Amino acid sequence: ADTSNKGRGQQMGADNTKEFLDDAVTFTTAAADRKVSVTVTYAQSQDSMVSKRNEQLILSGPESMVMTHRLRAMHDGILVGINTVLTDDPRLNVRLPTSTTATADTGKVQNPQPIVLDSHLQMPTTARMITTNNSSSSSGGGGGGGGGKLPWVFTDANNHPEDKRKLLESLGVQVIAVPRSQVHPQGLCLHSVVAELHARGIRRLMVEGGATVIRSFLLSRIPENLVVTTAPVVVGKEKGVSVPPVNDPSLGYSLASEKYQQLGDDVVMAA
């Protein structure tokens, strides 16, 4: 494969994305130290599909992928649902160009805390965020390029397998029990999750997937920032899974100040 074009694409993305994100993504809630500032971000196809059923779907081009890693570096924690772990096996760390992701004080990349919503503790012990991430960094820093922090896993306080909890904790994974949602009975109470994260020092949370988790956060009206990448791809309703369009009046989001950025073939909207 020709990696030279990929490298140029990543550098172009790095050049364009930092100024755009610094201007478009704000953390006023975290600045007041009252709550957690939540950013929901996802890539969608032109027909508004964000994933395929039980199959990995990669939508972002190399330039917008750089943006995603820059966005990860801007947050303390990054959250996904268990279906994303089972389908994509993500590491949830920062790996792309460090020139745009390094912190000003140390010059090093600060990996976010991986967080998984997993009502029934289906988390595989072989997940890359467990086997690849360095346990020595699970409570503090962590360099980019492959290392990271061991995940925090949120589960149902009243219905999870105790033996699986003990197994995960023996591997250094923190398992945090919270109530179920009264609005969406199949999921966890997001307000309880966010409150627990605040108590553990998380002030900037990035929600990255999958479709069920994104939909729940959008409907909860918790997010402060929305970052949506649209790729020039059509998936089809018979194969894809969608989320509510962010301009749906029932969601209650004001998009009057949205900003747009072309990154390669993708268009990014931030509001």
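In the predicted model, Glu208 forms a salt bridge with Arg72, with 2.7 Å between the closest N and O atoms, a salt bridge being a side-chain nitrogen of Lys or Arg within 4 Å of a carboxyl oxygen of Asp or Glu. Because Glu208 belongs to strand β7 and Arg72 to helix α3 (residues 62–73), the pair ties together parts that are 136 residues apart in sequence; helices (H or I, at least four residues) and strands (E, at least two) are DSSP runs, numbered from the N terminus. Glu208 is partly exposed, with a relative accessible area of 23%, whereas Arg72 counts as buried at 6% relative accessibility; buried means under 20% relative accessible area, exposed over 50%, and partly exposed in between (1.4 Å probe, protein chains only). As this is a predicted model, local features need pLDDT of at least 70 and side-chain atom pairs count only at pLDDT 80 or more, while totals for chains, interfaces and linings use all residues. Residues are numbered from 1 along each chain as its sequence is written, and side-chain values use heavy atoms, with hydrogens and water left out.

The structure holds six salt bridges. Among them is the one in which the side chains of Arg165 and Glu169 meet, at 3.1 Å from N to O; these two residues are four residues apart in helix α6 (residues 162–170) and are therefore separated by about one helical turn. Glu169 is partly exposed, with a relative accessible area of 37%. A salt bridge also joins Glu196 to Arg200, their closest N and O atoms being 2.4 Å apart, and here Glu196 is partly exposed at 27% relative accessible area, as is Arg200 at 35%.

Strand β7 takes its place in an open sheet of nine strands with mixed pairing, in the order β6-β5-β4-β3-β7-β1-β8-β11-β10, where two strands pair if DSSP finds at least two bridges between them. The edge strands, each pairing on one side only, are β6 and β10 (259–263). Neighbouring strands of this sheet are turned by 20 degrees against each other on average, direction ignored. Within the sheet, β1 and β8 pair in the parallel sense over six bridges, and Thr39 stands opposite Asn225 in β8.

Helix α8 lies across β1, β3 (77–81), β4, β7 and β8, and runs at about 135 degrees to β1; axes are lines fitted to C-alpha atoms, for helices over the stretch in contact, and angles run from 0 to 180 degrees between N-to-C directions. In this helix Ala211, Val213, Ile214, Ser216, Phe217 and Leu218 are buried, and just after α8, Arg221 takes a positive phi of about 60 degrees. The axes of α7 and α8 come within 11 Å and cross at roughly 90 degrees, so that the two helices are roughly perpendicular to each other, a term that covers angles of 65 to 115 degrees. Leu190, His191 and Val194 in α7 meet Ser216, Phe217 and Ser220 in α8, contact meaning heavy atoms within 4.5 Å.

In the largest nonpolar core, which has 31 residues, Val40, Tyr42, Leu79, Phe154, Leu205 and Phe217 touch the most other members; such a core is a set of buried Ala, Val, Leu, Ile, Met, Phe, Trp, Tyr and Cys residues joined through side-chain atoms within 4.5 Å. Elements that give two or more residues to this core include β1 (37–44), α7 (190–199) and α8 (211–220), and the largest share, five residues, comes from α8. Another core, of 29 residues, lies apart from this one and includes Phe27, Val116, Met123 and Ala127.

Methods: Parallel < 35°, antiparallel > 145°, perpendicular 65-115°, else oblique.
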